[in-house]
Amino acid sequence: MTTTRAHTSGDIDETDIATAIAQVEAEERDLVLPRFTHDDAWRLGCLLFELAAERNHAVTIDVRKGTQQVFHAAREGTTPDNDTWVERKVRTVYRFGTSSYLQGLRARAKGQDFNHKHGLPFTEYVAHGGAFPVRVEGVGIVGVVTVSGLAQQDDHALVVEALHAFKG
């Protein structure tokens, strides 16, 4: 059984930060959808849940359209703390318009603490991987898809994998 891991900021080697930033920026440019309805949000959430179940990942999954939570599920092994991480990651995406992982990578690249730099309380905002903006062509950000429970780069990677599969 997979256990919930603490979210740490040291999950990748410092020399790889620039490469990781470029990769995440490319993912955000590429993963733009033609539309995103409530039904799409539900299907994306179900896809993420199936991927997590196949791999026995103890994660919480959250998909929002606008500020409305359309899908939310917590797999065995998660705790209410994962819900708190989801909320904080979602706030970061909506405030900065990028994935929570990209915000953390950018702060680390500059040797800065994300929360201190922006004067944001850690209890409300986190720049740890797992929340990704849902963008629609010609519209912009229309929602957020989030995973919490794995190492931050793995939370991010699971969301990106699901978005690639969903986009087709």
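Me: How many bridges join strand β4 to strand β5?

Reply: This is a predicted model: local features need pLDDT of at least 70, side-chain atom pairs count only at pLDDT 80 or more, and totals for chains, interfaces and linings use all residues. Residues are numbered from 1 along each chain as its sequence is written, and side-chain values use heavy atoms, leaving out hydrogens and water. Strands are DSSP runs (E, at least two residues), as helices are (H or I, at least four), numbered from the N terminus. β4 (residues 131-136) and β5 (residues 140-148) run antiparallel, and the bridges joining them number six.

Me: Which residue of β5 stands opposite V134?

Reply: Two strands pair if DSSP finds at least two bridges between them. β4 and β5 have six. Opposite V134 stands G143.

Me: What is the strand order of the open sheet?

Reply: The sheet has five strands, with mixed pairing. The order is β1-β4-β5-β2-β3.

Me: What angle does the direction of α2 make with that of β3?

Reply: Axes are lines fitted to C-alpha atoms, for helices over the stretch in contact, and angles run from 0 to 180 degrees between N-to-C directions. Helix α2 (residues 38-54) packs on the sheet and touches β2 (60-65), β3 and β5. Its direction makes with that of β3 an angle of about 15°.

Me: How are α1 and α4 oriented to each other?

Reply: Helix α1 (residues 17-30) and helix α4 (residues 100-109) pack with axes 10 Å apart, at about 150°. Angles under 35 degrees count as roughly parallel, over 145 as roughly antiparallel, 65 to 115 as roughly perpendicular and the rest as oblique. So α1 to α4 is roughly antiparallel.

Me: How many charged residues are in the contact of α1 with α4?

Reply: Contact means heavy atoms within 4.5 Å. Among the α1 residues are I17 and E25, meeting α4 residues including Y101 and R108. Asp, Glu, Lys and Arg count as charged; Ala, Val, Leu, Ile, Met, Phe, Trp, Tyr, Cys and Pro as nonpolar; the others, Gly among them, as polar. The contact has eight nonpolar residues, no polar ones, and charged residues numbering four.

Me: Which hand does the crossing of α2 and α6 have?

Reply: The axes of α2 and helix α6 (residues 152-167) come within 10 Å and cross at roughly 125°. The two helices are therefore oblique. A crossing is left-handed if the near helix is turned anticlockwise from the far one by less than a right angle, and right-handed if clockwise. That of α2 and α6 is right-handed.
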